[in-house]
Amino acid sequence: MSFVAETSLESLPEHVAVAEKRLVNADLVAVNQLMPLKYHWAWEHYLNGCRNHWLPQEVPMDRDIALWKRPDGLTDDERTVVLRNLGFFSTAESLVGNNLVLGVFKHVTNPECRQYLLRQAFEEAIHTHAFHYIVESLGLDGHEVFTMHRTVNTIHDKDGFTMRLTEALCDPDFRTDSVGGIQKFVENLVGYYVVMEGIFFYSGFAMMLGFHRQNRMTGVGEQFQYILRDESTHLNFGVDLINGIRAENPEIWTPDLRDRLNAMIDEAVEREIAYAVDCLPRGVLGLNAEHFRDYVRHIADRRLERIGLPARYAAPNPFPWMSETIDLKKEKNFFETRVTEYQSGGALSWD
Ligand code: FE
Ligand code: MN
């Protein structure tokens, strides 16, 4: 009797469990045992996500509805910017969620990272929910907004680019137990966390926060602020995951992989600039396509540096106020007002 107990205890001593934890290609025990934690950054990102808890319906939309319905409330160009952004994000959030659940989750073999991925998947559902809520509030044509990935070329091109990355991981024969397999997996992570959430999302955020800064479409702007704060944590987690996999598998970081990642980011930058030109052919609210050309290149350089690749565009930052929106101190103030409302409004009754 004691033999069985001692054997099972000895088979799981703490230092072995921690050492056996791997971001990819861990054995079955290490996949399921959360504690002791090895990747504290993953747990921190999970806690940060929980601190940012919010729901779309908490944001009042009355002023947006009044402005949107007034015939002279917005110019045609301003309406185009709003609609193109809703059109892109409404599908993009689902693509990210599907890639996480169907592609990434299976191959990340660490419980603290999976805990974060479960949290992130829920947040992606909240983001899609936000676009449903905005469409309903403003009385827009939901079919039109949610099918722009098929009717607007520049959205179609961005979505097609990321969908191809998911396809490789969804192949039932896809495995990560080879250098080529891990490289393919890292390409997917760079494609989603760095390109989709870290580049494709940010010019859309800048456009919608541009409205908010001018005190217009403030409800939509506030939804985008919440989403931006979630996305900045998604990006931080993704960067830590990519760099962590590389540190555990240094053999994957070949010149060929680096070339492929650089080419991917080059292509993404071009697609994003095309999308910005499409949204802002004549410029609105003091924002024009030239600003976005610089902005996309500027943030692409910042993302490259974070995954250990040299910056290559050297563009100025035309929107320094964007980083203020993500800045931690303001984030705290922002959530001090909102989270309190959420907790009182959504308080559970046990009677
Ligand atoms: Fe999202
Ligand atoms: Mn996300």
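Is R297 buried, partly exposed or exposed, and what is its relative accessible area? Let's work up to that together.

This is a predicted model in which local features need pLDDT of at least 70 and side-chain atom pairs count only at pLDDT 80 or more, while totals for chains, interfaces and linings use all residues. Residues are numbered from 1 along each chain as its sequence is written, and side-chain values use heavy atoms, with hydrogens and water left out.

**Exercise 1.** Classify R297 and describe its salt bridge with E270.

*Solution.* 
- Step 1: recall the classes: buried is under 20% relative accessible area, exposed is over 50%, and partly exposed is in between (1.4 Å probe, protein chains only).
- Step 2: R297 has a relative accessible area of 26%, so R297 is partly exposed.
- Step 3: E270, at 47%, is partly exposed.
- Step 4: a salt bridge needs a side-chain nitrogen of Lys or Arg within 4 Å of a carboxyl oxygen of Asp or Glu; for R297 and E270 the N to O distance is 4.0 Å.

**Exercise 2.** Describe the salt bridge of R260 with D256.

*Solution.* 
- Step 1: the closest N and O atoms are 2.4 Å apart.
- Step 2: R260 and D256 both lie in helix α13, four residues apart, about one turn of the helix.

Definitions and conventions
Chains are lettered from A and ligands numbered from 1 in the order in which they are written. Helices (H or I, at least four residues) and strands (E, at least two) are DSSP runs, numbered from the N terminus.
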